[in-house]
Amino acid sequence: MAKWSLSSDFSLIRNPSSVWSYGSKPTGHHVAGIFSLFTHLEQEPNGHDEIVGWFGIDNSWYIHGLSVYYNTKPTNVIMGPITFPGNSVAMHPADDGRFSVVRFTTPKDGNYVLDATFAHIDKCALNTGVYIIYNNLMTLWEIDLAGPEDSKSFKTTDKGISIKANEPIDFIVGVGLDNNYVCDMTLARVDIHLLEDQPGFPIIAGSIGFVLGISISAILFYIYKRYRENRRNANVGYQVIN
Ligand SMILES: [Ca+2]
């Protein structure tokens, strides 16, 4: 079973990196808005260089807020009112309302199980909008986080959802109901499994087909051989008689 984890797979070097990409969508257009890739990664400049963030071309630390952040340490990092859990990803929208987006692009056709949790990690947290959007088209989940430490989770059924190859699923954090970007730092845990095909069925069916094919061929060959021998015997018999 193929598995991906936003935090375990987090790349400090590449964007996109395998199935994951980090970027943004424009204000008011979290569903169909064009996805813009963040261009560069920077360490926090004021004594917390274990925290890094991917930023767009117009942005850096403490300018627009818009980023996908990562705690490179395995333990909690306290940064003012914010507590970053170890080796975790946090997302923050922009001062102008742009959305922070983590995009998962499916590597192949299949049934995918999505398991996501979003949580406020800033002590002064107010309202934050969280969304999961399929293929720039369909809202799978939309929820408001309200107040410090609020946490909400989304999970598909164990059968997952059927998705074609190369279709995006966007995990999005926006300014939310207060229409303000202050204190919107939001932990994002996203785990995705690709289910295998139905248990063993095609392999068993294939084996039965192969064995049957060999058996039928052997029987046909045997019948043909007997037919040839009978013909030869008949011819021989005829010649003897004459
Ligand atoms: Ca807000």
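In the predicted model, R103 stands opposite D170 in β16. Strand β10 (residues 99–105) is paired with strand β16 (residues 168–174) through six bridges in the antiparallel sense, two strands being counted as paired if DSSP finds at least two bridges between them. These strands belong to an open sheet of six strands, ordered β3-β2-β10-β16-β12-β13, in which the pairing is antiparallel. The edges of the sheet are formed by β3 (36–37) and β13 (138–146), each of which pairs on one side only. In total, the protein chain has 17 strands and one helix; helices (H or I, at least four residues) and strands (E, at least two) are DSSP runs, numbered from the N terminus.

Residues are numbered from 1 along each chain as its sequence is written. Because the model is predicted, local features need pLDDT of at least 70 and side-chain atom pairs count only at pLDDT 80 or more, whereas totals for chains, interfaces and linings use all residues.

Of the 242 residues in the protein chain, 29% are buried. A residue is classed as buried if 20 or more other C-beta atoms lie within 10 Å of its own, as exposed if 12 or fewer do, and as partly exposed in between, with C-beta atoms placed from the backbone. The largest nonpolar core has 41 residues; such a core is a set of buried Ala, Val, Leu, Ile, Met, Phe, Trp, Tyr and Cys residues joined through C-beta atoms within 7 Å. V68, V89, A90, V102, I172 and A188 have the most contacts inside this core. Two residues are in contact if their C-beta atoms, placed from the backbone, lie within 7 Å. Residues up to four places away in sequence being left out, V68 touches Y22, F38, G53, W54, V89, M91, S100 and V102. Among contacts in the protein chain with a separation of 6 or more, 66% are between residues 24 or more positions apart.

Several loop residues were examined individually. N15 and P16 are joined by a cis peptide bond, with omega about 0°, and P16 lies in the loop between β1 (2–5) and β2 (20–25). P107 is located in the loop between β10 and β11 (110–120). This proline counts as partly exposed because it has 13 C-beta neighbours inside 10 Å. Apart from its neighbours within four places in sequence, P107 is in contact with V19 and A165. The C-alpha atoms of P107 and N166 are separated by 5.8 Å, although the two residues are 59 residues apart along the chain.

Positive phi values occur at two residues other than glycine, including E149, where phi is near 65°, and N179, where phi is near 55°. E149 is found in the loop between β13 and β14 (151–155) and is partly exposed, since 13 other C-beta atoms lie within 10 Å. N179 is found in the loop between β16 and β17 (186–194) and counts as exposed, because it has 10 C-beta neighbours inside 10 Å.

The mean pLDDT of the protein chain is 90, and 83% of its residues reach 70 or more; pLDDT is the predictor's confidence in each residue, from 0 to 100. Over residues 198–206 the pLDDT is below 50, and this stretch has one contact in the model beyond near neighbours in sequence. Residues 236–242 likewise stay under 50 in pLDDT, with zero contacts beyond four places in sequence.
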